[in-house]
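Hi everyone, thanks for making time.

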Amino acid sequence: MKLTKEGYIPRLIDKEIEENLKIFGAISIEGPKWCGKTWTALNHANSVSYLNNTADNFREKHLAEMDVNLILDKEFPLLIDEWQEVPAIWDTIRFKCDQDNIKGKYILTGSSVPVSDKIRHSGAGRICKMKMYTMSLYESGDSSGDVSLKDLFENKVKNKLVKKVELKRLAELIVRGGWPDAINISTEHAMKITKSYINAVLDNDIVKIDGVNRDKQKMEMLLRSLARNESTISANNVLMKDIDNNINEEDIIISRNTVTEYLNVLNRLHLIENQTSFMYKIRSRLNVGKNPKRHFIDPSLGCAILNITPEKLINDLETMGLYFEALCERDLRIYSESIGAKLYHYRENDTGIKVDAIIELSAGEYGAIEIKLGSNKEEEAASSLNRFYDLAEVKPKFMCIICGLYDAVVKRPDGIYVLPITALKP
């Protein structure tokens, strides 16, 4: 009997978990704290061992540290929650998967990546790694799902009217984020949850991850720089300059190596998820930008770091546009991965042609998407997409403009779709 929690909201990753449990001996679900990994894993597990360092779970963690096998004699699928607390579990699970051909024995969940030298084997072919994110608007019930990403690829989308979302509601969705605990509470209370998350990162996680005593103030400065550069293409030296320009203390000096190391920590904590550049199927003679687009795993984190409220976003539409783009690209990443696709961006340095989001299927077909907060930017977005279309050697399967303030799904005479993010699903 599965251990599904009462009130569990189904996630898009559920289907992929079911499939992978039939293929692999074990799966590993990775993602930030509080994104719902444990509840989702319980939905597929028949037994569980909790290893997070709390009083209730201390006994199991202590047993695992003495002998991993002491916590593995339970009904399959067995969930081992926060397995990275005892890194030896990985190699033990990998070894046990080698001993027989039984599928779906173990589900591992982890909110940080352990130090690599504590793990001898990658687990390739035995343990399937899966990435989990915060909830998309479709999962939280804030998108109607009138338009399917699959249907865009198959040109099956029909013109229709959809519900328009007001600017204030969009601002609230950005600030609230997709944290499961924040979905059904007030925006004000959701903001407190996210701020407490950031405080926990600064007070505990940046040291606990590997025992290195990092400078909390420098990490906070880096987080603020990342928040100011959300949805932009900023190299590490840009972050360094941004930090230098926004601090008064003369004794705070941050080097390129420190920035690189601290970014690596944030990656290992699954707090940032950069959007890499789409660089092929375009004429190679052109100067195509290679830098990733900067993103937090959820736009609410940047808002919490900069103390951004819905009201502040509404009064600063330029910033709201960047954070709306982050919201859309969070959802596009989740939807893309749920259909076996990948999310990129495109920027051509010589002429300035850019595309906010490129979604590529495993077979190589791709779609090009521009993101605009207001419908008044539709023609600008269409012009950019059409210039990209003329440039591409292999043409996109579809082109689309996602608008925040829009009340319809339409296909323009030039073949470009226009739709709101609150109508999209995988």
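Before we start, one convention: when I quote an angle, it runs from 0 to 180 degrees between N-to-C directions, with axes fitted to C-alpha atoms. And please keep in mind that this is a predicted model.

With that in hand, look at helix H4, residues 88–99: H4 lies across E1, E3, E4 and E5, and it runs at about 160 degrees to E4. Helix H1, residues 13–21, packs on the sheet too, where it touches E1, E4 and E5. The direction of H1 makes about 175 degrees with that of E5.

Now the sheet itself. In what order do the five strands come? The order is E2-E3-E4-E1-E5, in an open sheet with parallel pairing. E2 (47–50) and E5 (127–131) are at the edges with a single partner strand each, so one side of each has no neighbour in the sheet. On average, neighbouring strands are turned by 20 degrees against each other, direction ignored.

Let's zoom in on one pair. E1, residues 26–30, and E4, residues 106–110, run parallel and are joined by five bridges. In that pairing, Ile27 stands opposite Ile107.

Finally, the nonpolar cores. The largest has 76 residues, and Leu222, Phe324 and Ile402 have the most contacts inside it. Helix H13, residues 317–338, gives the most to this core, with eight residues. Ile402 touches, among others, Phe324, Cys328, Leu332 and Leu424. There is also a second, separate core of 21 residues, including Ile353, Met399, Ile401 and Tyr406.

Technical notes
Residues are numbered from 1 along each chain as its sequence is written. This is a predicted model: local features need pLDDT of at least 70, side-chain atom pairs count only at pLDDT 80 or more; totals for chains, interfaces and linings use all residues. Side-chain values use heavy atoms; hydrogens and water are left out. Two strands pair if DSSP finds at least two bridges between them. Helices (H or I, at least four residues) and strands (E, at least two) are DSSP runs, numbered from the N terminus. Contact means heavy atoms within 4.5 Å. A nonpolar core is a set of buried Ala, Val, Leu, Ile, Met, Phe, Trp, Tyr and Cys residues joined through side-chain atoms within 4.5 Å. Buried means under 20% relative accessible area, exposed over 50%, partly exposed in between (1.4 Å probe, protein chains only). Lists of a residue's contacts leave out its neighbours within four places in sequence.
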